[in-house]
Amino acid sequence: MAVEQMTMPQLGESVTEGTISKWLVSVGDTVNKYDPIAEVMTDKVNAEVPSSFTGVIKELVADEGDTLAVGEIICKVEVGGGSEGVPAANESVTPASEETKKEQPVLQTDQSNKKRYSPAVLRLAQENDIDLEQVTGTGAGGRITRKDLQQIIESGNIPSSVDKGNAAVQETPAKAEAQQNVPAAAPQKAAQPAAASVSAQPGDIEIPVTGIRKAIASNMLRSKHEAPHAWTMIEVDATNLVEYRNSIKNEFKQKEGFNLTFFAFFVKAVAQALKEFPQINSMWAGESIIQKKDINISIAVATEDALYVPVIKHADEKTIKGIAREISELAGKVRAGKLTADEMKGGTFTVNNTGSFGSVQSMGIINYPQAAILQVESIVKRPVVMNNGMIAVRDMVNLCMSLDHRVLDGLVCGRFLARVKEILENTSKDTTSVY
């Protein structure tokens, strides 16, 4: 009999951690390979995690509500050997032999994730006054795990910022000077006291932060901290588009069985413009910028307590009708809780339909690691001065774009938006087919 370890899977391209929302098994249960054992929440999707082995659940390492980094151990399964105990292809499972355990500390030389802290780690460090800079992480890339902090707390030897200050007196001037040039986790630590100083007063309602809300917060914070956001806006005369869509929407719904929304026209226009301006369809990769070949449009779909971002794959190859169908199907899956991890992967640019809430101007946070996000605002009737000097009432809409200034500059973004504007303003019954 051997004990194998199951780890937190990666449930999306940019997902770095997940929260155990519910265990579907208990210690002592017998499971077959691919049986669901837990429900996991991320900032992008809720998904069931299948077992990588056939065997008996030996230990549930993580508790419900715990947030773990991708690759961290979630449970242990006792298997009887043979083919059933071999992980499936592409599954992330760490061997649990004593030899491997002994080798792990020696092999942990990669420290690239040392200062990427999960919400659970930050909370434990704050509650116990632990200086994370002095903790050696055992997770992937040197990442500090919840278990690392629990071991420190249990030992009673908690490294604090005072300890670090005292230790600095012992260091040589050269070493102290070298440490000054090492990026520290000061932004995270500086932000913590503000949250801790808020206390509920009589009559206040204290709402617990769910795992998915913590994951969203973590991803948004990472995007704002890492990507230097810039913002630009353009207004579009959508009068012809509105007249065209309104003239065919009832017939379309009767024939196709789903709604022809304005949003489908905007997504199609963006996909076409991305094909002409591929620089926008890029991602920052540290030492390089990756210009993506496929045009996969992420769309934001909100529920009562979370925001999901499913992806329309190869949007430039689809008709307006095809895009409208996918928008309807994906939104339905989100609200029914049936969206899969694969339907969240591969997005290269995000279009957010903020106009559905009546917004006329907004500044979106970029969907990391993409380089830009476009907010489609509400279409409103406004008086507009026409080219002939006359004033007319027109259907106007604002398009607001946030961009990662490491990847994109104002010139290319301005040209991109101008092209989207041109496509939309020339959308009419005579020039555009939805099929």
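**Figure 1. E235 and R382 form a salt bridge.** E235 is partly exposed, at 38% relative accessible area (buried means under 20%, exposed over 50%, partly exposed in between; 1.4 Å probe, protein chains only). The N to O distance between the two side chains is 2.5 Å. A salt bridge here is a side-chain nitrogen of Lys or Arg within 4 Å of a carboxyl oxygen of Asp or Glu. The two residues lie 147 residues apart, E235 in strand β10 (residues 229-237) and R382 in strand β19 (residues 380-385). Helices (H or I, at least four residues) and strands (E, at least two) are DSSP runs, numbered from the N terminus.

The model is predicted: local features need pLDDT of at least 70, side-chain atom pairs count only at pLDDT 80 or more, and totals for chains, interfaces and linings use all residues. Residues are numbered from 1 along each chain as its sequence is written, and side-chain values use heavy atoms, with hydrogens and water left out.

**Figure 2. E256 and K321 join two helices.** The closest N and O atoms of this salt bridge are 3.4 Å apart. E256 belongs to helix α8 (residues 239-256), K321 to helix α10 (residues 320-336), and 65 residues separate the pair. E256 counts as buried because its relative accessibility is 17%. K321, at 22%, counts as partly exposed. R325 also belongs here: E256, K321 and R325 are linked in a network of salt bridges.

**Figure 3. K345 pairs with D342.** Their closest N and O atoms are 3.6 Å apart in this salt bridge. K345 is partly exposed, with 30% relative accessibility. Across the whole structure, a search finds 16 salt bridges.

**Figure 4. W231, M233 and M363 form a nonpolar surface patch.** Together they have about 290 Å² of accessible area. Patches take residues with over 30% relative accessible area and no salt bridge; like charges are joined within 9 Å, nonpolar side chains (Val, Leu, Ile, Met, Phe, Trp, Tyr) within 5 Å. M363 sits in the loop between β17 (349-352) and β18 (372-376). M363 counts as exposed, because its relative accessibility is 56%.

**Figure 5. The chain has eleven helices and 20 strands.** Of its 435 residues, 43% are buried. The chain exposes about 22600 Å², and carbon and sulfur atoms supply 52% of that. Areas come from the Shrake-Rupley method with a 1.4 Å probe; for residues, only the protein chains shown count as cover.
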